[in-house]
Amino acid sequence: MAEKYIARSTAIAARMLGGEMMIMSAADSTFFTLNEVATVIWQAADGRTPLSEIVTGKVCQEFEVEPERAQCGTERFVDELSQHGILLVSDQPFDSSPSLETP
Amino acid sequence: MTLMAEMNQKALDLGVPLSVHLDLTYRCNERCVHCYLDHDDHGEMTTEEIFGVLNQLADAGVFFLSLSGGEVLLRRDFFLIVEHARKLLFNVKVKTNATMIHEKEASRLRQLGVEQIQISVYSHRAEVHDAITKLPGSLDRTLRAIRFLKSQGLKVSISNVLMTGNFADQQGVIELAKELGVAYTLDPTITPKMDGDTSILSLRIASSELKQIFRNEELVGDMAEFCAPPPPPGEDVMNGFPCSAGHTSCYISPYGDVFPCVQFPLPSGNVRRQKFLEIWRHSPQLEEVRSIRARDLTTCSTCSHVGTCTRCPGLAYMEGSMRGPSTADCEKSFQRTGILSANMLRKARAGSAGPLIQIQGPANPMPIPAALQEANPLSA
Ligand code: SF4
Ligand code: SF4
């Protein structure tokens, strides 16, 4: 399967609350909470680390999950968050989002 | 329980300040007749100081950040502040009169991912709105800005403070909001000025008008349900606390003063002298606010409305005791249900029977108690 790269959108609000990540999409105000595993994937989504490496290096190692199950769960999670514009997905490494700096 | 309610409960259990209202300035280009602020600058926090506060708020777990004033756009560093807040991934809401928002500003707010812009509109008629803001041309400017913001796809809501001068125009504002495709809130709250001057309370709407609002199903939903007599309060109600102030939310002034809420002026610390979290966790004032349960309230704990009343502890505090009743909310509970509050009965027993006598007269159902202020916006 082709490699994927994921990055956090900056068009969201996010904060950790008691081990869970709260996220609200600025586009449609959908509110999410990510469990511990999803939070780790979210935090690793830097646009440069291949998704497969996030799965093996983070999810499998930190949570002792079988690689296949982890890959499958991660793909679903990435699909859902990307539909709401919360994660950006590409087949190449990329910079997460336009800068917020004052032009 | 919705996901958001679950997070609120979690924040409450963990003692996390989920929401903070930060006023960036008290300066304003309007001079609204009902405004409680002193518009002079008494030493606002600098850009660097505000950045430092925002960093601390993010570390403390704050998710919802309301930036307000005064008029926020009078701060030359306003966009730098929003930019910093958004880099810290706050959910940012901006309250403004919007008169200084043009295409460029609207586009920048969109680019920065601001969640919502709340804009004060007092009437659909310029002569009424401008007479309240005392800024000629302000309604035109505000409406033009709303269109710019909408064209950027931003979420805009109109906030209408109801007072004597614009009560008749409330439906006009609702129609205007519909036409513009924005949400609206009605707020019958007029609070005393910061220096304690209560003269602006004469602008408050009459009790009969409050009752009229409570009978408008477009605003309150199912009227029978809204106006139903309160059910007897259970243990959970008596062990409950009044509102989020000091529990999961607080207010910070442009001078760094921390209060439980913008409408609860109990000085609890200053971020120029102390760390925010130190104030949040250990200020004796916030600890006292957090310690109060419904069963501890004088008068209210014996009131049939205690479980359904909108009692604002901040207004109660301004009336003399954060454990006491808030006459504005007594008035609301009464106008909603027709049932006298424990506070009204207490006053009647104590000899100030004026209101009771007049309630029985058909022409004048209920005079406004002397210190009446209205609390808690009615959202529609
Ligand atoms: S009830 Fe009063 S003190 Fe509590 S959050 Fe509302 S306005 Fe603030
Ligand atoms: S109606 Fe008045 S006395 Fe009763 S709970 Fe509300 S504020 Fe307290």
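Helix H1 (residues 36–44) of chain A lies across E2, E3 and E4 of chain A and runs at about 60° to E3(A). Axes here are lines fitted to C-alpha atoms, for helices over the stretch in contact (heavy atoms within 4.5 Å), and angles run from 0 to 180 degrees between N-to-C directions. Helices (H or I, at least four residues) and strands (E, at least two) are DSSP runs, numbered from the N terminus.

This is a predicted model, where local features need pLDDT of at least 70, side-chain atom pairs count only at pLDDT 80 or more, and totals for chains, interfaces and linings use all residues. Residues are numbered from 1 along each chain as its sequence is written, chains are lettered from A and ligands numbered from 1 in the order in which they are written, and side-chain values use heavy atoms, leaving out hydrogens and water.

Under the helix topic comes the sheet. E2, E3 and E4 of chain A form an open antiparallel sheet in the order E2-E3-E4; strands pair if DSSP finds at least two bridges between them. Edge strands E2 and E4 of chain A each have a single partner strand, so one side of each lacks a neighbour in the sheet.

| Strand of chain A | Residues |
|---|---|
| E2 | residues 12–17 |
| E3 | residues 20–25 |
| E4 | residues 31–34 |

Four bridges join E3(A) to E4(A), and A:Met24 stands opposite A:Phe31 in E4(A).

Now for confidence: chain B averages a pLDDT (the predictor's confidence in each residue, from 0 to 100) of 90. Over residues 353–380 of chain B, pLDDT stays under 50.
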